[in-house]
Amino acid sequence: MTSATHSPLFPQTPQVPEVPDSADAVLDGLDPEQREVALALHGPVCVLAGAGTGKTRAITHRIAYGVRAGILQPSTVLAVTFTNRAAGEMRGRLRQLGAGGVQARTFHSAALRQLQYFWPKAVGGDLPRLLERKVQLVNEAAARCRIRLDRNELRDVTSEIEWAKVTQTVPADYPAAVAKSSRDAPRAPAEISQIYSTYEQLKRDRGVIDFEDVLLLTVGILQDRHDIAATIRSQYQHFVVDEYQDVSPLQQRLLELWLGDRDNLCVVGDASQTIYSFTGATPDHLLNFRTRHAGATVVKLIRDYRSTPQVVHLANGLLSQARGKAADHRLELVSQREAGPAPAYVEYGDEPAEAESTARRIRDLIASGVPASEIAVFYRINAQSQVYETALADAGVPYQLRGAERFFERPEVREAGVALRGAARAGGNDSLLDDADDLASQVRAVLGTKGWTAKAPAGSGAVRDRWESLAALVGLATDFSKAKPGSTLSDLVAELDERAAAQHAPTVQGVTLASLHAAKGLEWDAVFLVGLTEGMLPITYAKTEEQIEEERRLLYVGVTRARMHLTLSWSLSRAPGGRASRRPSRFLTGLRPGTVASGARSAGGSGGIERGGSTAPGTESAAPGAGLRRKKRGPVRCRVCGKALNDGGEMKLMRCEDCPSDMDEGLYERLRDWRAVQAKALGQPGYCVFTDKTLMAIAETVPSTGGELTMISGVGVRKMDRFGSDVLAICAGQELGESSEDD
């Protein structure tokens with residue numbers, strides 16, 4: 001993650017740059033656009049800065065030039081960013097440029113400082129104690145509402161309360177706000193509203209405030225006490241906000257109150273890197289800046305000093321297919337580096353093959369001189385880390401996890417291990433295993449008590465993260481039983497212990513394993529983006545166009561972390577020998593060779609698609625002149641992703657098996673009940689009426705006319721004549737025998 005790595009045996013003393021000897025010297029080394037930023041010291045300024053374009057350099061030199069030229073007084077400047085690390089880095093750079101004394105803080109740090117100072121004057125007495133962790137109080141609030149939350153639900157509900165507060169949503173308005181924003185609430189919105197209200201009351205009773213209250217109370221004081229607002233405005237007269245695309249509505253309101261009717265504001269951001277909307281962040285403030293601030297100076301930083309032309313070309317191609325308002329403001333980056341290797345696109349037969357090959361490629365890079373600390377592997381969700389932890393450990397490659405525990409150290413995995421160990425000791429005396437006749441079903445039975453279900457929970461959050469970890473253990477057990485037929489639960493527990501021990505080596509500087517969200521703001525020489533399949537990226541619970549576009553931006557953030565080496569990979573099945581039912585992420589269409597995205601220019605890849613392990617056929621180009629042949633009937637295509645379908649079951653569903661399903665579960669059950677009655681009357685098996693797949697297809701499409709019903713595979717003319725009226729009545733929600741209004 002560093003720009004240079006030196007031998008630990010002969011460490012070099014870092015050179016401290018000399019402080020520029022004049023204001024003009026501060027501008028030395030800036031490119032034309034960065035220089036324009038530095039010289040724009042008056043009025044509203046909006047800097048649209050692409051990945052790797054030196055935005056921190058531009059804004060620190062802007063502040064330093066203003067201070068050194070006597071235009072800005074250091075004590076009147078407030079620079080705001082989103083992490084303590086970024087604020088510390090900004091303060092350090094400003095000192096090196098001779099502009100010490102400038103305040104560089106996070107929104108919360110700046111607000112807390114003001115709140116502590118003005119609370120006695122505005123309210124009286126001492127500021128209430130700040131809750132370090134609100135989870136315990138949320139748990140107590142839920143208990144008072146007689147709502148039981150497990151640990152993961154508790155974390156998710158706490159996050160929902162935080163989201164509600166930063167979007168300035170009061171408890172009574174929470175259900176409507178959730179519906180409007182299309183969020184997947186972890187519990188019934190009415191329940192969360194009740195918990196939220198009780199939590200707020202508990203805080204008032206105990207005289208404590210939480211992290212979000214720091215902003216809310218500061219906003220309240222500045223709105224109500226004009227004298228205090230005037231004092232703060234006389235103190236701070238120039239504002240700089242970094243990562244402006246991540247500002248929440250509450251932070252924006254605080255910024256407006258700091259500003260008052262002035263316009264000495266400089267904001268910096270990139271709408272194409274908005275990946276935290278689930279926390280309340282929105283790029284709207286950045287995108288609408290010129291509307292709110294007429295006559296604003298807008299500077300675009302597009303010279304990419306981080307990545308090679310090959311990486312930048314891929315990143316540009318990825319965004320060229322984007323939709324929505326943020327896409328309309330995308331920046332076309334121009335690499336300032338020398339050419340490097342072409343990005344590699346690699347397809348594997350299964351996940352273990354993908355992980356093992358990635359580990360070998362990493363080992364080869366290290367052997368060629370790339371430091372392990374300058375290599376990163378990114379995946380969509382933390383549950384994907386296990387197979388890469390194992391592969392790197394087996395290859396003898398040191399690694400570290402960023403933003404998550406190692407797989408076998410996660411609480412849910414530890415709990416699962418204890419449960420499996422107990423079941424193994426009990427053997428045939430454990431009633432849980434009475435109906436489990438093989439290893440995989442035994443594991444499913446045991447982990448079912450810990451939160452694993454055959455169907456993934458809806459939405460994201462801690463409950464989904466826990467399920468993903470448990471599902472990874474179920475998959476591991478299935479693979480283990482196939483590799484070692486006749487193995488027992490005790491054998492599996494021993495295997496898990498061995499894997500865990502192999503990953504418990506002392507922490508060392510090594511390859512970074514991280515989710516894409518944890519990669520933001522950092523860079524490496526070599527980046528591996530793995531598991532790029534439909535259902536994982538975009539994630540299966542991304543339903544709306546806005547949610548899917550944020551998934552695209554997430555991939556863009558991953559791509560733009562790479563300085564030189566970039567590999568994008570996917571596997572066609574989960575386990576060796578499994579059915580090759582997966583497809584590469586739709587975001588790669590038009591980037592990887594041999595594919596063209598409709599409505600966008602072909603971009604990305606020279607270098608070709610590599611193939612690792614066994615792959616499925618069907619990737620060859622069409623033969624020349626094929627278009628001149630007599631037109632044949634087109635294939636049945638998935639109604640979700642458009643892929644041609646070959647499997648009979650998938651053709652009945654009219655979608656790929658692993659494409660997202662929007663099936664009406666209640667309708668499906670009513671259709672099954674109806675089928676059972678019909679089959680009994682006919683003296684035939686149920687599938688002779690309609691197969692399960694046909695019923696699923698009906699429950700997903702919910703036809704309202706005979707024409708729509710006959711479009712479903714498995715519903716021919718004869719079955720339409722015999723059962724059509726019943727099926728349509730059930731789909732319409734009518735009781736059989738009940739007349740519709742049109743009859």
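**Buried cysteines and enclosed space**

Trainee: How do I read burial at C266: buried or exposed?

Mentor: Buried means under 20% relative accessible area, exposed over 50%, partly exposed in between (1.4 Å probe, protein chains only). C266 is buried, at 0% relative accessibility. C145 is buried too, at 12%. This is a predicted model: local features need pLDDT of at least 70, side-chain atom pairs pLDDT 80 or more, while totals for chains, interfaces and linings use all residues. Residues are numbered from 1 along each chain as its sequence is written, and side-chain values use heavy atoms, without hydrogens and water.

Trainee: How many disulfides does the whole structure hold?

Mentor: A disulfide is a covalent bond between the sulfur atoms of two cysteines. The cut-off here is a pair of cysteine sulfur atoms within 2.5 Å. The search finds zero. For C266, the nearest cysteine sulfur belongs to C46, 8.2 Å away.

Trainee: How many cavities of 30 Å³ or more are there?

Mentor: A cavity is a set of points on a 1 Å grid over the protein atoms alone where a 1.4 Å probe fits but cannot get out; lining residues have an atom within 4 Å of a point. There are three. S272, L319, R323 and E549 are among its lining residues.

Trainee: What lines the second largest cavity?

Mentor: Its lining includes L41, R62, H238 and N264. The cavity holds about 50 Å³. Two elements give two or more residues to this lining: α3 (55–68) and β6 (238–241). Such helices (H or I, at least four residues) and strands (E, at least two) are DSSP runs, numbered from the N terminus.

Notes:
1 Å grid on protein atoms, 1.4 Å probe; cavity = no way out; pocket = protein on both sides within 12 Å on 5 of 7 lines; lining within 4 Å. Points joined across faces, edges and corners; volume = space filled by probe spheres on them.
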